[in-house]
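Let's take a walk through this one together. Have the coordinates open and follow along.

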Amino acid sequence: MKKMTKAGLCALLAVGITLWTAALTDAEARTEAPRGRIELEQSSFVAKSWRSDGSHLADVKGKLLYGERPVANALLQMDGKGRSIATGEDGSFELTVDRSLIANKAVRVSSFQEAKIDGKPIGSEEADGVLSASSAVTIYHPIEVSRVEPSEDASKVRVHARFKLAADDNIAFFRIDKYRIAGQVSDYNGNPIKDAVVWIDRDKGEGFAKSTPTDKDGRYEMYYWPEDEETNLTVIVGTRRYELPEGKVFNLPRNTSVDIRIRLPKEGSTIDDKPPTLVCTTSEGATYHGLLAGLDVPSDVPYSVSIPDREGRFVLTVPKDAWEKSPLFFETQLTKFIGQDKALKGGDELPVGFVQPREQDPRVEATMS
Amino acid sequence: MKKTHATVGTALSLLLVLSSCATNNNANNASPSPTATGTASATNSPTATGATGTSFENWGSYGYTLANNRHVPFKEITADNVNDLGVIWSADLKTLDADVKNGNQSYPVVVDGIMYVTTAGNQVFAFDAATGNTIWHWKPEAEQAANFSKAGIIANRGVAVGEGKVFMLAVDNSLVSLDQKTGELIKMIKLSDYIDGVTIENGYYETTAPQYYKGNVYIGSSGSDNGVRGFVAAFKASDLTPAWDSPFWTVPPKGQDWLAKSAFQGGGTVWNPVAIDEETDIMYFSTGNPAPDFYGENRPGDNPYTDSVVAVNAMTGKLVWAKQEVSHDMWDYDAAASPMIINATVKGAKKKLVVQGGKSGLWFAWDAATGDTVWDKVPFTKIDKKDPTPEGTVSYPGVLGGENYAPETYDPNTNYVLIPGIEEPSLYKSAKTEAEASTPDSPGAAAFGTSYEAVTDVKGYGTVTAIDVATGKKAYQIKTTDAQRGGLTSTDSGLAFFGELDGKINALDIKAGKVIWTFQTTGNSVQAAPSIFTVDGKEYIAFTTGGTKPMVHVFGLGGDKTQGQAGQAETGNAHSG
C-alpha cells in the first residue's frame, strides 16, 4: 500500500513556494530574517462521523514561533472567520477541530498588535515574518483506488475508487435534499403579478416555506421537503392575503417537486381551489446535497465522476494523460438543484464539469489497494 | 393613564447634552449596577441616561437572572394591596412606529431604570421604565426589514444587555449590537458569515433573546420544523466574532449518524434562551423536535439531542451532559421553554436542580452538576399519546404542548415550580410509508389539490400547575380560558403574575392556588411573561401584549385602574421552533 501524504499538500506547497520566493526577495534586500511559523501537533485528520458524546471533536495544541522564539499574545484565526485565538507566553494555543465535517482550513495570524517576542513588542522588522506564519487543518475521508481499467474511449481510463470509512461511521453521500415548489401567480385575468409571496405552512403542526417574491412573469420558487403534507396555502400581495376556502387544506404530494399556478380572485381574498384558478401539477427535479469526490486537475480537463454508492464507491472517467500525472483527489460537500425527471442515485454518472473544487475542500492523495 | 412619549429626536438631543456615565458591564445581574446606585433624593429627575430615579433593582436578562428562575425578592405588592394595582404607563408600539408588526412576544429587560422592549419586525425601544418616555428607538433599514417576511414568524422575545450594549437577534439571522445609551447601531453580523448555511432560505430564523455572560453573547435559533440543524453559538460581545471554535451542534450534520438515511433532516433547534449557572459556567438549554416531524422511519433510534435539555460549558462549548425528554419524537414535542436553574429543597435537602417542562406535557428535574434524574416525567397535562397513522390519531398534548415557549417560575418560599400549560389535543397524521410513496411516473399530471381539513372538535384551554419540588408531585392545577402562551413571574410576597390571550393579566396567590386579581389590559394576547423591577424602591410590573395591538403595560400600586375591552384571543401559530 502506497503511503498517504497529508491532504492539502498542494495548498501547502503553494504557500511554501510563495514564502520561499518572498524569502529570496527579502534576502536580496537585506540579511535573512527569521520567519514566523505556526506549529500544530496535528494538522491532518481523518474525518469521523458525528457522535452524540462529542468524540468527533479533537483538541489540538499549537505554537506560534518567530524563528525559534515564541510569539506571545498574538491572535490567530482559523478559516478566516473563526474565533480569535490568543497565544500564551510560550506562544502556545489550543483549538478544537470538528472532525465530522470535511474541510481545509488555513490557520493564520490575524493580529500582532499586542504580541510580544522576548517580552518586547513586535517591531516592523519582525512584523512581516510573524504575519507570514501559516498552517492548515485538513479533515478528509481517505480515498482508495481499487482498479484502473481502459475506457470504451481509448484516450480515457475508468478509475474505480471509494471513500474509506471507519466501520462505525454512518455517512450518506450525494442524494435528494429538498424538492422545489414553483409556479406562477396571476390576477383574475391571467396577468402575472410581481412581488407576490407564496407561503405554505403545515396545517396540523409547524413548519413552513416562503417563496421568493414573484418576478415580472409572476414566477416564484421555494424549496421544501413535503411529508405528504396538508398545508395552508397563502398568497401575500402587498398587505393583502389570499387564502384557500374556509376549512380547506392543500395536499402536497410526497417525493416530488410541484408546480402550483394560482390565479387570484376578482373580489375578496379566497382562492377558488379549482382549475383554472388553482392548477397543481408535479414537476421535474430536486435539490441534491452531499459528499462527492473529484480530481484536482485544471478545469479544462474533461472528466466525469459518478455519485458514490452506499459503500462509498465511485467511478471516474478520466483522460489517460491526466490520470498518469497522478492528480490529487478533492472532496466536497455540494448542494445543487438538478432539473431532470429521473431521480439521481448512487452509481449514476454526473456530467463533465459538474463537480468543481473549492479552496476550502480537502485535497487527498489516494492509496492503491 | 399617563402618556409621556418623548420623541426620539428630543431624547437623543438630551443625551448629547448630558454627560455620559459609566456603563454597567454585566447587566444580567439582577442587582443594580454600582454606578447607578445612589440616594433616593431626586426621585423624579432623569439621570444622565434618561432614566427617572436614582436607585434601581434590575430585571437584567430574559429570565430575571441568568438562572432564568423569574422570582424577584420584592414585597411591596402583596395579596392585601394587589387591588390597588393600576397602569402607571402604557405604550402603543404601533403608534410609536407604524412599522411595528403584529404578534409581539417580547420579554422586557430593565436595567438601571431603562426598559428595553423588542417588537415583531425587530425594532427595539428603550423606555424610561418609570414613565414610559421613549429614550431611544432603533429599527432596521426598510430594505432589511423587507426580508423578514420571508420567515413565517417575525416575533421576537427580547434583548440581552452587557458591556454598554444591547444585543438582539433579527429574524433574518442577524445579530445586532446597539449602544445602550443611544440605541445607535454598533455592529450587525450575519450569522451565516460565521456558521455555514444559517439563512432564511435554508429554513433558519431567529426569534429568541440572546444571553450575555462573561464577555460573550449566547444564541440559538429556530427552524426545527423546517429541517435545519440546531445549534448554540457564542459570540464575543466586544466585536461579535465567534467565541468558540465551532457552534455546539445539537444533532448530526446532514447525512451522518441517525440522519444518514433521512433526506429532509435535522431539528434540535434551541429557540429559547439558555440558562447559565454563574457558579459553574455551565449553561443549560432546551432543544426542539427532530425533522421530519411526523415521519420517523428514516431517522432511527432516539435522535439525540432533540427534545432534550443539554448542559454545555459556556466557556468552551463542550458537552457536560444531556438528557432527552422524548426519544424518537413523532408528535412535535419540543423541549421548548428555557430551563430554570433552581436551588430547591428535595426530600428535605437543598439541591441545585435544572428543571424543564416540555411540549410533551411532562416535567423533569435533574441534578445541575451531573444530570442525574431527580424527578422524571411528571405529567402536567392529559397524556394520551398514540402513534400517528396516515388516517390520523388524536393525541394529548397537541402540537402546541404541554408547555410551549412560555417560561416557568420558581417560588422558593413554597418550593413550588409553576408551569404554564396548554391542554389541547392534535390530530396527528403520519406521512405514508416509503413503499407507498414513489416518484410520480408522469410528471405534469395533476396529482394533487385541496381537501377538507380534519377537525378536532375539542376546545383547548390553559392551565397553571404547581409542582412541589420536594415531592415531585402536583400541588394543584388551575384552569385558564385560553392556552398559556406567556409564562409566569413570582414575587417574594407570594404572588405570581401571568397574562392570557384575551389581554387579561392575573395575580395568583401561589400558596393558595387562587387567582386573586384580574385586570383587562387595553391590549390583546399576552404572549410573554412579565418583568418585575423597582425604581427608587417602587415595584413595577411590565407586561407586553401582542396580537394586533402590540403594547407595553407597566403596573404599579396607585396606577390607573381603568380597564380595557376584552381582547380577541390569538390562537393561531404563535410558535416558532
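In chain B, what share of the contacts between residues at least 6 apart in sequence join residues at least 24 apart? It's 65%, where a contact means two C-beta atoms, placed from the backbone, within 7 Å. This is a predicted model, so local features need pLDDT of at least 70 and side-chain atom pairs count only at pLDDT 80 or more, while totals for chains, interfaces and linings use all residues. Residues are numbered from 1 along each chain as its sequence is written, with chains lettered from A and ligands numbered from 1 in the order written.

Staying with chain B, 62% of its 577 residues are buried (20 or more other C-beta atoms within 10 Å of a residue's own; exposed is 12 or fewer, partly exposed in between). The chain has 3 helices and 39 strands, taken as DSSP runs numbered from the N terminus (H or I, at least four residues; E, at least two).

Now look at the open antiparallel sheet of 4 strands in chain B, ordered β27-β28-β31-β32; strands pair if DSSP finds at least two bridges between them. β27 (409-411) and β32 (473-480) of chain B sit at the edges with a single partner strand each, so one side of each has no neighbour in the sheet. In chain B, 3 bridges link β27 to β28 (416-423), and B:D411 has B:Y416 as its bridge partner.

Over in chain A, there are 3 helices and 29 strands, and 44% of the 369 residues are buried. Helix α2 (124-131) of chain A buries A:E126, A:G129 and A:V130. Those buried residues fall within an arc of 100° seen down the axis of α2(A), so they line one face of the helix (the arc is taken over directions from the axis to the C-beta atoms). Their cover includes β1 (36-40) and β3 (57-66) of chain A.
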